[in-house]
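Trainee: I would like to learn how to read a structure that is new to me, one feature at a time. Could you take me through it slowly?

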Amino acid sequence: MKKTLLFAAALFTMATAFGQEFTEEVIHECDYANYDSYPWYSMNDKTEQVVDGALVIVNEEEGLANWKKQYFVDDQVPVVKDNDYIIRVTMKGSSSGSLTCNVGDWSATASTVIRFTDEYTTIDAKVEAVPASPAFVVFQSGAFVGTIYIKKVQVIERKSTSSVTMKNVSVAKYDFEDGKALGGWGNSSTREVVDEGPDGSKCLKMSNPSVTNSWSAQTAIDFSEALTEGTTYYLTFKGKASAATKLKAAFQNPDTYAGRGDFNAFSLTTEWQDFKGRATVTGDNCKRFLFSFGDFEGDIYIDDLEIYYQEAENVGTGISAAKANRAATVAPFNLKGQRVNANAKGLVIKNGKKVVVK
């Protein structure tokens with residue numbers, strides 16, 4: 001039985017190690033001391049129970065995937081779509097371990113990892129670009145064998161009170177009004193510029209004739225310089241599709257095809273919408289951005305695409321800004337849609353146009 005539920009709570013000011021001040025506001029809180037029984041929805045065997053003011057989750061099965069033990073720990077959280085939040089949890093396990101935390105709705109979630117010990121500890125985990133409003137908070141802990149105890153879950157919005165102004169530094173920007181399509185490959189997919197954008201403007205149309213693996217049909221942007229490892233980059237675009245689908249986007253090392261940071265999947269509908277996501281570069285030689293859409297049969301339309309990072313307007317002495325990657329180039333392809341070297345001879349496609357290289 002629910003006794004009380006605290007929604008908005010304390011607003012207070014803190015300081016970082018560098019003296020920067022910020023405020024923290026608890027926008028939603030689930031304190032299990034206020035419940036006699038488990039109040040939320042569970043996707044598994046309903047073993048969750050509230051005992052002595054703590055949510056108790058038991059898993060005695062070894063070798064499970066995390067998602068095979070998943071359960072709400074809070075719901076209807078009034079987040080703002082695309083904002084970042086702190087998930088603050090007071091918890092412990094029967095031994096040290098970790099679980100996955102997902103914040104969002106049934107169409108998309110932002111994820112983070114929470115690591116706990118065998119003693120009650122208050123843990124902060126950041127989730128970036130929450131993709132839905134309102135949102136639920138779901139924990140997945142199937143890989144942890146033992147018992148988890150959760151006393152309190154708080155969703156916290158943190159805002160800087162610093163006077164520093166951030167600016168966007170673009171590394172790639174396309175409105176497709178020049179008629180040049182992006183390159184790509186796979187599954188006989190095509191990319192062309194059409195006059196079907198918002199308000200009749202030009203846009204990129206990506207078409208895939210049949211369903212296969214998502215990575216089997218891709219559209220690419222290759223950067224002239226590698227993006228900076230550890231830096232967060234933002235992606236904005238307008239998009240729609242011939243039917244509802246989720247569009248995947250990621251960074252890649254083009255030499256090894258290793259992933260270098262994934263964006264949350266974007267939920268496209270048949271109507272134009274504005275989308276924004278972010279991904280942090282996770283390794284070296286990050287010189288490619290990819291849309292992957294092989295698992296969707298139909299047409300996807302993209303317009304006003306931009307990739308950028310942020311830096312302070314006035315960078316102080318001794319603080320280096322992330323490297324600007326101001327020029328992005330589209331890789332050349334042969335007539336089969338296969339990427340070729342920049343010095344390849346013969347008939348190739350460069351920047352959306354057929355060119356004979358001698």
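Mentor: Let us begin with a single residue, keeping in mind that this is a predicted model. Asp 31 has a relative accessible area of 18%, and because buried means under 20%, Asp 31 counts as buried.

Trainee: Where is the place of Asp 31, and with which residues is Asp 31 in contact, leaving aside its neighbours within four places in sequence?

Mentor: Asp 31 belongs to strand E2, which covers residues 21-31. Once the neighbours within four places in sequence are set aside, Asp 31 is in contact with Lys 151 and Lys 152. There is also a polar atom of the Asp 31 side chain that lies 3.0 Å from the backbone nitrogen of Ala 33.

Trainee: Over how many bridges do E5 and strand E10 pair, and which residue in E10 is the bridge partner of Gln 70?

Mentor: E5 and strand E10 (residues 135-140) pair over 5 bridges in the antiparallel sense, and the partner of Gln 70 is Gln 140 in E10.

Trainee: Are Cys 203 and Cys 286 buried or exposed, and to what does the count of disulfides come?

Mentor: Cys 203 is buried, with a relative accessible area of 0%, and Cys 286 is likewise buried at 0%. The count comes to 0 disulfides.

Key. Residues are numbered from 1 along each chain as its sequence is written. This is a predicted model: local features need pLDDT of at least 70, side-chain atom pairs count only at pLDDT 80 or more; totals for chains, interfaces and linings use all residues. Side-chain values use heavy atoms; hydrogens and water are left out. Two strands pair if DSSP finds at least two bridges between them. Helices (H or I, at least four residues) and strands (E, at least two) are DSSP runs, numbered from the N terminus. A disulfide is a pair of cysteine sulfur atoms within 2.5 Å. Buried means under 20% relative accessible area, exposed over 50%, partly exposed in between (1.4 Å probe, protein chains only). A polar contact is a pair of N or O atoms within 3.5 Å; within protein, one must be able to donate a hydrogen and the other to accept it, and residues adjacent in sequence count only if both atoms are side-chain atoms. Contact means heavy atoms within 4.5 Å.
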